[in-house]
Amino acid sequence: MASKYDTSYLCKATHTISAKAFKLGVFEMERCHKLLEKLLISAIIAAVISLNMTGCSKSGNVVVIYTSVDQIYSEKIFRAYERETGVKVKAVYDTEATKTVGLVNRLIAEKNKPQADVFWNGEIIQTIVLKKEGVLESVSPANANALPPGFKDEDGMWFGFGGRARVIIYNRQLISKEDCPKTIEDFAKSPYIKNSAIAYPIFGTTATHAAVHYAYWGEETASKFYGDMSNSGIMVLDGNSVVKDYVSSKKAFLGLTDTDDALLEMDKNKDLDIIFPDQGENGMGTLVIPNTVAKIKNGPNPEQALKFIEFIIS
């Protein structure tokens, strides 16, 4: 999809996508406001608690990592790092429904008294937000030069690695591949739209996907796309993993999700399959979203932060 990792391109929509989506009513307004209010309250509580935690995580043998990556995946990496280095990882995870945004709010709230050393994000947009908020610190990992172009911030504030594709997951017991939409635009026009599912587009990779649509298509086309979905009766769920669960349990015929969630469920349910959208000759291509990792400015364990970053991008 355009320049997959052109961050200036993605930045264009970073601060506008939530407002656009609210106007279009893609989500239930009342619910989202309550959700965001809870996030803000949680961030304030976390900041207050942090005031009583001075120095508690400062140690030469500890690194504090906030991550939006599902615990089922990230915990394995943390345990491997501990075995290899002897350094204890203190991890703070996000919830599925408020993926990434909850931790970002907390990091911003803790800006003047940071408790984390590293932020490992399952997407890129919110990492860019943290850079703009002055939460991140420039570093120069020894192995950063090996990263492909576009996988590192020009100021050394974040580094990209890995990647997840945005795919259409469907249940072959309910719908054939031939009947599934083959492009993201066709997804909103599908005759099966009321039997389709998507995660709230203000959190996690679904928010990133929406931001890219506004930047790539322009406001008019993107607004129509989300407006059509808003009026279609599509199921809007609390995260990508819930989308794949709905498809797997036959509550939905198909849905938009990420490859990690889709492939995990496909191992359990052989009736599931995925489509990489927009693969035609003139298609915009499937969006692939990298993980990003960044050092928190003035975090308690700066040396360990750099070592973990070098480990995770290697």
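The model is a predicted one.

I then placed R166 in the fold. R166 sits in strand β5, which spans residues 159-171.

Next I asked which residues R166 touches, leaving aside those up to four places away in sequence. I listed T205, T206, H209, N240, L256, T257, D258, P277, T286, L287 and I289.

I checked L256 from that list. L256 lies 90 residues from R166 along the chain, yet their C-alpha atoms are separated by 6.9 Å.

I turned to polar partners. The side chain of R166 makes a polar contact of 3.0 Å with the side chain of N240. Another polar contact, of 2.9 Å, links the side chains of R166 and D258.

I moved on to empty space. Rolling a probe the size of a water molecule over the atoms shows where such space is left. How many cavities of 30 Å³ or more are there? I counted one. The largest cavity has a volume of about 30 Å³.

I noted the lining of the largest cavity: R166, I198, P201, T206, H209, H213, F225, Y226, M229 and L256. Helices α8 (204-217) and α9 (219-232) each give at least two residues to this lining.

I sorted the lining by class. Six residues are nonpolar, three are polar and one is charged.

Conventions: Residues are numbered from 1 along each chain as its sequence is written. This is a predicted model: local features need pLDDT of at least 70, side-chain atom pairs count only at pLDDT 80 or more; totals for chains, interfaces and linings use all residues. Side-chain values use heavy atoms; hydrogens and water are left out. Helices (H or I, at least four residues) and strands (E, at least two) are DSSP runs, numbered from the N terminus. Contact means heavy atoms within 4.5 Å. A polar contact is a pair of N or O atoms within 3.5 Å; within protein, one must be able to donate a hydrogen and the other to accept it, and residues adjacent in sequence count only if both atoms are side-chain atoms. On a 1 Å grid over the protein atoms alone, a cavity is a set of points where a 1.4 Å probe fits but cannot get out, and a pocket is an open set with protein on both sides within 12 Å along at least five of seven lines; lining residues have an atom within 4 Å of a point. Grid points are joined across faces, edges and corners, and a volume is the space filled by probe spheres set on the points. Ala, Val, Leu, Ile, Met, Phe, Trp, Tyr, Cys and Pro count as nonpolar, Asp, Glu, Lys and Arg as charged, and the others, Gly among them, as polar.
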